[in-house]
Amino acid sequence: MRRNLLPILMSMVVLSPLAIDIYLPSMPAMAADFSVSASQIQSTLVLFLFAMGTGQLLIGPLADRYGRRPVALGGIILYAASSMLAAVAVEFEWLQFARVLQGLAACSTSIVVFSAVRDCFSPKEGARYYSYLNGMICVIPALAPTLGGLLALQFGWRSTFVFMTLYAILILVFVGYRLPETRPKNTVSSGPLYRWARYKPVIVETHFLFYAFACMAGMAAILSYVSYAPVWLIDRLGVSELTFSGLFGLNAAVNIVACFAAPVVIKKLGNRPTVILALALMLVAATTEVLVQIFGPQTGLAAAFSFMLPMMLLCIGFALLLGPATSMALSAFGERAGTATAMLGFIQMSGASLLTGLVQQTSIPAPYAVALVMGGLAITLLTMMAMSRFDHWHQEQHAY
């Protein structure tokens with residue numbers, strides 16, 4: 001079962017980044033179609049991720065109570081239905097509602113994917129598997145914007161959501177036939193579904209909290225980059241949708257290489273040193289972004305490259321961060337992996353979406369806004385790791 005599990009999990013983990021990346025080149029056209037502002041169309045990204053985060057608290061206990069397989073199948077069905085709702089939406093509010101439903105659906109499959117890794121593998125093995133899954137997640141930003149741009153040019157932006165519907169139907173058949181139940185027999189599944197006692201053992205674990213916030217820092221940086229990039233490059237700098245897709249895909253290609261190299265780095269350095277390296281790269285990326293905006297070109301394709309090149313460092317840092325940070329956050333919770341995964345997802349995604357949404361309400365230009373998010377969070381976590389009083393928060397404590 002373990003040998004054949006990875007392809008199934010990879011097919012499901014695609015659903016979330018696909019819903020984020022495939023319509024990025026269409027965001028300016030969507031804003032014009034619905035007669036809304038750039039910040040309002042950016043809200044469709046923030047709402048998706050916020051729903052994906054808050055939904056973890058509702059769906060995580062369901063995965064522990066009823067098993068991973070029913071939750072996965074229900075999530076895929078909801079994903080297909082919500083994607084079709086977005087495709088036919090006439091009012092902007094219905095598009096936003098569809099994105100909330102899509103976020104809930106994506107969080108169902110995400111919980112199953114990451115819980116299944118925790119179910120079947122040790123923390124050391126799990127870090128490598130999480131990195132492989134993150135590698136698959138990173139393939140989508142390389143391909144989806146180009147695919148979405150081509151679909152939008154030929155059939156309009158609504159075709160991107162039709163594509164998501166068709167992919168979900170295909171995956172429903174594949175997962176229905178191939179996904180086994182991975183929930184361990186010792187999973188805590190008795191008592192009320194939603195109660196403080198279920199979450200308390202997770203919340204009071206400072207080791208979990210530190211690495212959950214590390215995951216949130218990486219996600220907030222990536223969400224800021226992804227949500228600001230189309231508006232800055234297409235609207236502000238005037239690059240075409242396909243040029244944007246090419247630039248975005250180039251960064252994603254770097255991310256792919258980094259994700260598949262991450263297991264080698266983790267094996268050589270260990271989980272905690274890899275997290276330190278990743279946060280340092282995020283800080284360097286933030287500093288570089290500020291410098292190139294002050295001293296680099298201000299218009300045209302050269303300015304677009306100036307914005308995107310520091311994001312390559314961010315992508316590398318994100319690729320290195322998520323595997324070991326996720327594995328260390330979940331390492332103590334074999335008997336309640338679904339609930340722990342849900343809480344991790346809630347902190348990571350809802351926290352990231354709230355931070356990004358707050359920054360988007362300011363008038364800070366896109367490059368400085370992204371630099372503020374990734375640099376501020378990275379330096380906070382690195383400072384904590386340098387202080388001995390917080391050693392019990394971040395030192396490796398759970399070997400199995």
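Tutor: We begin with burial: a residue is buried under 20% relative accessible area, exposed over 50% and partly exposed in between, using a 1.4 Å probe and protein chains only. Helices (H or I, at least four residues) and strands (E, at least two) are DSSP runs, numbered from the N terminus. This is a predicted model, in which local features need pLDDT of at least 70 and side-chain atom pairs count only at pLDDT 80 or more, while totals for chains, interfaces and linings use all residues. Residues are numbered from 1 along each chain as its sequence is written, and side-chain values use heavy atoms, with hydrogens and water left out.

Student: Which residues are buried in helix α3?

Tutor: Helix α3 covers residues 27–34, and its buried residues are Met27, Pro28, Met30, Ala31 and Phe34. They lie on the same side of α3, because they cover an arc of only 160° around the axis. The arc is that of the directions from the helix axis to the C-beta atoms.

Student: What covers the buried residues of α3?

Tutor: Contact means heavy atoms within 4.5 Å. The cover includes α4, α6 (92–120), α8 (158–178) and α10.

Student: What comes just after α3?

Tutor: Ser35 does, with a positive phi of about 55°. Ser35 is a residue other than glycine, and its place is the loop between α3 and α4. Its relative accessibility is 65%, so Ser35 counts as exposed.

Student: How is a pair of packed helices described?

Tutor: Two numbers are used: the angle between the axes and the distance between them. Axes are lines fitted to C-alpha atoms, for helices over the stretch in contact, and angles run from 0 to 180 degrees between N-to-C directions. Angles under 35 degrees count as roughly parallel, over 145 as roughly antiparallel, 65 to 115 as roughly perpendicular and the rest as oblique.

Student: At what angle do α4 and α5 pack?

Tutor: Helix α4 (residues 38–66) and helix α5 (residues 68–88) pack at about 135°, and their axes are 7 Å apart. The two helices are therefore oblique to each other. On the α4 side, Ile59, Leu62, Ala63, Asp64 and Tyr66 take part, and they meet Arg68, Pro70 and Val71 in α5. By class, this contact of α4 with α5 has six nonpolar, no polar and two charged residues. Ala, Val, Leu, Ile, Met, Phe, Trp, Tyr, Cys and Pro count as nonpolar, Asp, Glu, Lys and Arg as charged, and the others, Gly among them, as polar.

Student: How many degrees separate the directions of α10 and α15?

Tutor: The angle between α10 and helix α15 (residues 366–386) is about 170°, with the axes 8 Å apart. These helices are therefore roughly antiparallel to each other. Among the residues in contact are Phe210, Ala220, Ala221, Ser224 and Trp232 of α10, and Ala366, Val373 and Met385 of α15. The residues of this contact divide into 21 nonpolar, one polar and no charged.

Student: Is Val373 buried or exposed?

Tutor: Val373, found in helix α15, is buried, with a relative accessible area of 6%. Leaving out residues up to four places away in sequence, Val373 touches Ala220, Ala221, Ser224 and Val359.

Student: What is a nonpolar core?

Tutor: A nonpolar core is a set of buried Ala, Val, Leu, Ile, Met, Phe, Trp, Tyr and Cys residues joined through side-chain atoms within 4.5 Å. The largest one here has 132 residues, and those with the most contacts inside it are Met12, Phe208, Tyr225 and Leu233. Helix α10 (residues 206–236) gives the most to this core, with 21 residues.

Student: Which residues does Met12 touch?

Tutor: Not counting residues up to four places away in sequence, Met12 touches Ala72, Ile76, Thr109, Val112, Val113, Ile171, Val175 and Leu179.
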